[in-house]
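Hi,

Here is the structure I promised to pass on.

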Amino acid sequence: MQAILFDFNGTMFFDSDKHDKAWQIFLPKYGRGDVSLETLLEYNPHGRSNEAIIKHFLGNELPAEKIFELSEEKESIYRQLCLEDPKSFCFVDGLNEFLDFLKEKDIPRNIATASERSNLDFYIREFHLANWFDVDKITYIDGTMRGKPEPDLYIKAAQNIGVPAENCIVVEDSPHGAESAKRAGVSTVYAIEKTPGAFGDLTYVDHVISDFLPLLSRFQGR
């Protein structure tokens with residue numbers, strides 16, 4: 001049986017701009033006002049864990065407790081930005097219909113996100129994810145797994161729904177996420193991008209989409 005695994009940020013919900021803005025608000029508070037949007041994007045934070053990003057910009061010597069505290073502060077800024085922009089605080093086009101179809105046909109599905117628990121709880125609540133997913137099986141950065149591009153999140157996401165990774169399709173918005181999926185043994189990776197060319201490096205990508213309607217058609221056999 002084929003299953004589908006979703007990244008969340010930038011994939012199910014186009015929010016990369018919110019994360020970028022949150023980092024730009026957060027970093028100057030800790031002496032990194034020199035980090036421009038261009039510098040941030042050159043580092044390519046999308047798909048990376050907050051721990052990796054914070055260590056990169058604020059130093060590797062920070063203790064784990066401080067990194068957690070800083071991460072929560074940045075994500076609080078991000079969540080507020082989301083709530084302040086209700087027009088764009090929604091699923092990507094076609095995703096509601098695709099999720100309804102997967103649920104109707106009982107096709108295995110899960111989410112593998114580089115988000116921390118506080119953001120995952122936010123998404124579960126605001127996007128009503130329990131309508132389509134067993135939320136206890138969602139994989140996230142819980143301190144026991146390495147972030148993308150390591151394969152841990154996708155290996156665990158497939159295991160949690162009882163499907164071999166090679167029988168899974170993944171939808172991702174970042175090269176790090178696509179690499180993570182392929183290293184986990186996933187058969188097919190779809191890159192989703194809000195604007196043409198936004199994804200970047202397609203080394204680990206099999207198909208490119210801009211919304212979920214092509215995947216819905218594929219699963220419906222059209």
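**Salt bridges, strands and domains**

D152 is buried, with a relative accessible area of 16%, which puts this residue under the 20% cut-off. Please keep in mind that this is a predicted model. The side chain of D152 meets that of R146 in a salt bridge, with 2.9 Å from N to O. R146 is partly exposed at 46% relative accessible area.

A neighbouring topic is the pair R183 and E150, whose closest N and O atoms are 2.8 Å apart in a salt bridge. Because R183 sits in helix α8 (residues 175–183) and E150 in the loop between α6 and α7, this pair ties together parts that are 33 residues apart in sequence. Both are partly exposed: R183 has a relative accessible area of 40%, and E150 has 23%. Through shared partners, salt bridges join R146, E150, D152, E179 and R183 into one network.

The whole structure holds 17 salt bridges. Another of them links D7 to K148, with the closest N and O atoms 3.0 Å apart. D7 lies in the loop between β1 and α1 (16–26) and K148 in the loop between α6 (117–126) and α7 (152–160), so the pair connects parts 141 residues apart in sequence. D7 is buried at 4% relative accessibility, and K148 is buried with a relative accessible area of 4%.

Now to the strands. β1 (residues 3–6) is covered on both faces, with A3 and L5 buried on one side and I4 and F6 buried on the other. β1 runs parallel to strand β3 (residues 168–172), joined by 4 bridges, and pairs in the parallel sense with strand β2 (residues 109–111) over 3 bridges. I4 stands opposite I169 in β3, while its bridge partner in β2 is R109.

At least three residues come from each of domain 1 (3–14 + 90–221) and domain 2 (15–84).

What separates the centres of domain 1 and domain 2? The distance, taken over C-alpha atoms, is 22 Å. Their contact takes 16 residues from domain 1 and 16 residues from domain 2. About 1,400 Å² is buried between domain 1 and domain 2, with 50% of that area from carbon and sulfur atoms. E116, F122 and H176 supply 34% of what domain 1 buries against domain 2. The count of salt bridges between domain 1 and domain 2 is 0.

Best wishes

Note on methods. Residues numbered from 1 in each chain as written. Predicted model: local features only at pLDDT ≥ 70, side-chain atom pairs only at ≥ 80, totals over all residues. Heavy atoms only, no water. Buried < 20%, exposed > 50% of the residue type's maximum accessible area, 1.4 Å probe, protein only. Helix = DSSP H or I, 4+ residues; strand = E, 2+ residues; numbered from the N terminus. Pairing = 2+ DSSP bridges. Domains from an automatic or database assignment. Contact = heavy atoms within 4.5 Å. Buried area = accessible area lost by both parts, 1.4 Å probe. Salt bridge = Lys/Arg side-chain N within 4 Å of Asp/Glu carboxyl O.
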